[in-house]
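Please look through the sequence and the model shown here before reading on. The report below moves from the whole chain to single residues.

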Amino acid sequence: MTGIFASTGIKKRHAARPLDWYLEPRGWPERTEVYMEVGADLFVEVANKALAAAGCSADDVDAVVFISTSGIATPSLDAVVHARMGFRADIERVPVFGLGCAGGVTGLAIASRLAQARPGSTVLMVTVELSSLAFRLDRPDKAHLISTALFGDGAAACVLRTGEHGLALIEGAGEHLWPGTLGIMGWSMDPVSFGVILEPNVPSFAATNLRPAITSILGRMGLAPEEIGRFVCHPGGTKVVAAIERAFNLDQGSLDHERGVLADFGNMSAPTVLFILERVIAQGLPERATLVTMGPGFTASCVSLAQTA
């Protein structure tokens, strides 16, 4: 397994539990308990940071979009943390499951449409993924070995509102689902936990199919790939990052923040692209940037950002 881990480009990752926890047999009850506890703590932490950065409080939030695919909880975590956060009783909850790595971008799109539908409202989007809870010692197949080498835990949040002020304007969004590709990525279910479904040809699939799909989505917004100053892409792994650069005719190494976040945190699934966006914003957003990711379906998701006035 040493070669698999050495080729990921990952230097550090975070996990919900100390490493020894993963060496013992764990079933659904133990994994779900950790998801509820650590997931709720992360939700509160990143949500409060986002609200503080936006200059508002939990009492201002009219709707919360919660994205997660690495655990199952009913009621969902947005309800579990309701009292801790201080949300109003009339807050609208939109929990979304099953988007996987595409969740960060699709969640932004859903939240933006909610904010646009009700001008003046405040929408909080939160994504929490504890992918380490799917690590399995009883499944030594290639898909599980690769996922154990790639994935880490993380969370992110952002606030969306109508108006002239903010970090960026969401000017459009869209998705593309390729027929006959259900088996590329996802979960299987068994008595122990989630089981990883992960085809090894994701990089080659991205290199061949991603650009036409994103070009079509941008076209519906009246844009072309040549008008995008920076593609902000989910780094499924180093091979996927290189494939995306080839797909969009970018110079090798152009997706530097993608590689940097992958090295520092691993693939955190849905939150990862928002970590990258944070670094791009700190460096200075170009006139137009486009978030791109792929996930179970098999689906490409895209959100176009423009500088605010």
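Predicted model: local features only at pLDDT ≥ 70, side-chain atom pairs only at ≥ 80, totals over all residues.

## Overall form

The protein contains 10 helices and 10 strands. Its radius of gyration is 19 Å, close to the 19 Å that the globule rule gives for 309 residues, so the protein is as compact as a globular protein of that length. Taken along the principal axes, the box filled by the C-alpha atoms is roughly 55 × 50 × 35 Å.

Of the 309 residues, 52% count as buried. When contacts between residues at least 6 apart in sequence are considered, 77% of them join residues that are at least 24 apart.

## The annotated domain

In an unreviewed entry, UniProt lists residues 31-160 as "domain: Chalcone/stilbene synthase N-terminal".

An open sheet is formed by 4 strands, which lie in the order β2-β1-β3-β4 with mixed pairing. The edge positions are taken by β2 (92-96) and β4 (153-161), and each of these has a single partner strand, so one side of each is left without a neighbour in the sheet. On average, and with direction ignored, neighbouring strands of this sheet are turned by 15 degrees against each other.

Strands β3 (residues 122-130) and β4 run antiparallel and are joined by 9 bridges; within this pairing, valine 128 has alanine 155 of β4 as its bridge partner. Helix α2 (residues 28-54) packs on the sheet, where it touches β1 (63-67), β3 and β4, and the direction of the helix makes about 145 degrees with that of β3.

## Leucine 42 in helix α2

Which residues does leucine 42 contact, leaving aside its neighbours within four places in sequence? This residue of helix α2 is in contact with Val128, Leu130 and Ala155. The C-alpha atoms of leucine 42 and leucine 130 are separated by 9.9 Å, although the two residues are 88 residues apart along the chain.

Serine 121 lies in the loop between α5 (103-117) and β3. Is serine 121 buried or exposed? Its relative accessibility is 9%, and because a residue under 20% is classed as buried, serine 121 counts as buried.

The side chain of serine 121 reaches the backbone oxygen of arginine 118 at 2.7 Å. Not counting residues up to four places away in sequence, serine 121 also touches Asp62, Leu114, Ala115, Leu160, Arg161 and Thr162.

## Helix α9 and its surroundings

Helix α9 (residues 256-265) is mostly covered, with 7 of its 10 residues buried. The buried residues of α9 are His257, Glu258, Gly260, Val261, Leu262, Ala263 and Phe265, and they pack against β8 (230-233), α8 (238-247) and α10 (272-283). After α9 comes glycine 266, whose phi is positive, near 75 degrees.

Note on methods: Residues numbered from 1 in each chain as written. Heavy atoms only, no water. Buried < 20%, exposed > 50% of the residue type's maximum accessible area, 1.4 Å probe, protein only. Helix = DSSP H or I, 4+ residues; strand = E, 2+ residues; numbered from the N terminus. Contact = heavy atoms within 4.5 Å. Pairing = 2+ DSSP bridges. Axes fitted to C-alpha atoms, helices over the stretch in contact; angles between N-to-C directions. Polar contact = N/O pair within 3.5 Å; in protein donor to acceptor, adjacent residues only side chain to side chain. UniProt positions renumbered as here; feature names shortened; annotations may be inferred. Rg over C-alpha atoms; globule rule 2.2 N^0.38 Å.
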